[in-house]
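Dear colleague,

Please find the structure below, together with its sequence. My notes on what was found in it follow.

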Amino acid sequence: MLERLVAEIRQGGTLQPSRLAGRLNVSVDLVNMMLEDLARRGLIAEVNAACGQPCRGCPLVGECVSANNQNRTWMLAGKKG
Amino acid sequence: MECHEPSTGLRLGVVSIGSPVIALAGQPNMGKSTLFNMLTGLNQHVGNWPGKTVEFKEGKFQYGQKTYRIVDLPGTYSLTAASPEEVVAREFILREKPDVVVAVVSAATLERSLYLVSELICLPVPLVVGLNMMDVARQEGIQVQAEVLQAALGVPVIPLTATRAEGIHELLAAVEQVLSGEIGITPHPPEIRPDHAVVMDEVTRLIREYNPAVYPVGWTAMKLLEGDSDVTARMKALLPPEQGSALQDVIRQHDDSMLAIASGRYDWIGRMMRAAVTHPRLGQISLTDRIDRVVTHPVLGLFILAGILGLVFWLTFTLGSPLQALLSSRIVVPVSALASRLLAGAPGWVASLAVDGVIGGVGAVISFLPIMVIFFAVFGLMEDVGYMSRAAYVMDNFMHLMGLHGKSFLPIFLGFGCNVPAVMGTRVIDSRKARLLTILVAPLVPCSARMAVLAFITPAFFGSRATLVSWRLILLSLAVLVISGIVLNRILFKGERSAFIMELPLYHIPNLRTIALLVWQRSISFLKKAGTVILAMSVAIWALSTLPGGSLQTSYMARLGSLLAPAGAWIGLDWKLTVALLTSFIAKENSIATLAVLYGQAQGAGLGLTLASMYSLPTALAFLTISLLFIPCAATVGAIRQETGSWRWTLLNIGFMILVSAGAAKIMFMAASALGI
C-alpha cells in the first residue's frame, strides 16, 4: 500500500490526503500515517505553509493572508525509495 | 511477512519461575499508565534503563492467587530504532522475554495503534491486545468489533475503558488464560510479497550463523532489510568481512525492500480495519468532501475562485468606495481646510508642506482604509472558513496545467497578501532554477496594496462598471503570470512535474471575533505604514514638486517628469502619472499619495474626480495595468536580492517586470483606444 501511495505521489501534481485515501480505498488517517512514515524515511518532506521564519522582519507581515496557515503540506523529496 | 520462527503458532503453558512478568506496550497517551497505576497502586517504583535516560516503571499486583510483575514500557509508535524509547521497548521484550506483552491500543484511533501491534505480533512472546478508550470510540460513533479483530489478529483482544476500570478483570483473565495455556495463540502477522520473501531468505541465510541468540533470526533479517540503524550496526560488527560485504550487496540490490516491508504492514492494518471497524462518515467531513468536489475541481474551482474575486470587488465598490469618498470629503478635506486656516500666518512653504504634502499624501492613502478593511475582512473570512487553502490548491492545479512548477504554489499563495513573503517563500523550492523562475513571476501576483490602488481608481473612471473592470484586470494580471510562467518554464524547465500533498482544513462556521481581530491588526499595520513610509515619501514628493522655485511646472519633479515623459507617452501616460508610477516603487500606495500631492487633492473635491476629469479611459486602463504589473515595491526587490543572492538576477527581474508591465499597458492602451472605450 505504501508502494502504491509512493507511485501516486510520483505521478506528480497536487494531491489531497482525502483523494489519495479514496484512490487507495483506505481512510484519511491511514494515508496521513503513511505520509508521516514516508517523511521519516526521507521520501517526502513536510513544508510549512505558514509564514514563519522567512517573514521575520517583513514590515507587511501583519497583512499576510496566510500567516496563520497551519495545514500540513508535503512535497516529494530527493531521496529515492 | 513471516517474522516468526517457522512454527505457525505458539502453544503457551510455560509459567515463569517466580512471578509472571507482564510488559505493557503502546503508544504514548493510549491509557497505558492509567492501567499500570490502577493495577499496581503504590506497589511501583520508577527507574532508568541501564545506559539510557529513558524512564521506566515497574510494579506488582495480585490477581487471583498469583502475584504478577508488570513493566510499563516507554510509549512508542513502532519498534524501529528511531528513538531511545523504541530501542528500550524492543530490547526489553527480546532480551528479558516477558511472559506476556499487553499492547494497549486506542479503539478511537486504532489505525495509528496497529502499526506497533504489527511489529509486536512478529516477536516471539505471547501478545494480548487491550482495546482501550472504548468510551471515546463510542462517543465518536466508531464501532470496533473486538471479537472480529481477535479472529483477524489471532491473539486475544479485550475491550477496555481504563479510566472507568471497565474490562480490567477480563484483561487479566485473558492474561491468566494465555499463561496457563487455556487460550492458544495463533498470530496472523503481516505478510511480505513473495519476491521480497526470497530476499529475506537470502539475508537470513547470510546472518543465521552470526545472529545473537536473543534475537530471532527472521526478525533480524527483516530489520536489516528495513534499514534499522541499530540492528545494521550490530550485525556489521558481528559478521565476518565476506558475509558483511555479501549482505550489503543484497541490501543494496533490493533497496525497495524497505518500502515493501512497511507496505505489507499498512496492507495488514487496512485489512484489520476493514474487518473490525465501522467508521462513521462524520457529517462535517462529508459536507467538506461534498463542497470540495466542486470547489477544488480543476476547472469549476477556477471559475469559483474568479467569482469570489469578483465578489470581493463588488463588495469593495458597493460598501468601501462610498465610505472612502465620505472619509475623504468629511475628514481629509475639512482637516486640510482647517490646517490652511490655522497656518494662514505661517510661511507659505509650511502651509504647503502640511496641506499638500502631509495631509494631501497621507490623507489620500488613509482614505482607502475602508477599502482595505473590506479586503482584510473578506480575506480573513475566506481564511477562517477554510477557503484560502482551497484557493491555493486550485491555483496549484492551474499552475500544473500550464507547466509552471508545482512547488511555486506556496509563494503564489503568499503573494496575494504581500510579495515579500512570496519571494521569501520560494525557500521551500530546492531546485535553484525552479526557485529563480518562481521569484521571477511571484511579484506578478497582485498584492493587497496593488488591489487597493485598483479599488481606489476604478470607481472614479468606471462608476457602476468598476467591479467588472477590476475583476478583469486582476484576471489579466494572473493571465500574464501564467503566460510568463509557461514561456520561462519552456526555456528553463522542460516541463518537469513535482508533487504536492496538501492537507485541507474542514470548512467551519467563521468566528467573527477572530476575523475582527485580524482586520484590526492588519488595519493598524496599514495605518503604521501610512504614518511612516508613505508620510516620508509624501514629504519627499512635495519637496521635489515645490523646489526650487515653489512652482510645480519648474520643479525638480517636473524636470524628472519631462525626462520620463517619452517613456510614459508610449503607453499613454503623462509625466505626473509616470512619476506616480515610479514612486510606487517605495510602496504601492504611494502612487495615489503622489497624485494627491501633484493634484493638490486636499483642496479640491477629491482625487478620484480630479483624475477622472484629467485622463481618458484608455489612459486610466493603461495606468491600472502597469500599476498591477510594475516592478514590485522596494521591500520586495530587497527580498529578491536577498533570496537570489545576486544583483544580476535582481536587475533581470526588474527588467522583466518593466518589460512585461509596459508591454501589457501598451496593448491595453492600444486596444482600449481602438475599441473607443
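**Cores, an enclosed helix and confidence**

Leaving aside residues up to four places away in sequence, B:Leu120 touches B:Ala25, B:Leu79, B:Ile93, B:Val101, B:Ala103 and B:Leu127. Please bear in mind that this is a predicted model.

B:Leu120 belongs to the largest nonpolar core, which holds 111 residues; together with B:Leu131, B:Leu153 and B:Tyr266, B:Leu120 touches the most other members. The element that gives the most to this core is helix α11 (residues 257–276) of chain B, with nine residues. Another core, of 87 residues, lies apart from it and includes B:Met388, B:Met395, B:Leu440 and B:Leu624. As background, nonpolar side chains tend to be buried together in soluble globular proteins.

Why is helix α8 (residues 217–226) of chain B described as largely enclosed by the rest of the structure? The reason is that 10 of its 10 residues are buried. Among them are B:Trp219 and B:Met222, as well as B:Lys223 and B:Glu226. The cover over the buried residues of α8(B) includes α2 (84–96), α3 (110–120), α7 (194–207), α9 (229–238), α10 (241–253) and α11 of chain B. Just after α8(B) comes B:Gly227, with a positive phi of about 80°.

Finally, a word on confidence in chain A. The average pLDDT of chain A is 72, and 65% of the residues score at least 70. Over residues 63–67 of chain A the pLDDT is below 50, yet this stretch has 28 contacts in the model beyond near neighbours in sequence.

Yours sincerely

Key: Residues are numbered from 1 along each chain as its sequence is written. Chains are lettered from A and ligands numbered from 1 in the order in which they are written. Side-chain values use heavy atoms; hydrogens and water are left out. pLDDT is the predictor's confidence in each residue, from 0 to 100. Contact means heavy atoms within 4.5 Å. A nonpolar core is a set of buried Ala, Val, Leu, Ile, Met, Phe, Trp, Tyr and Cys residues joined through side-chain atoms within 4.5 Å. Buried means under 20% relative accessible area, exposed over 50%, partly exposed in between (1.4 Å probe, protein chains only). Helices (H or I, at least four residues) and strands (E, at least two) are DSSP runs, numbered from the N terminus.
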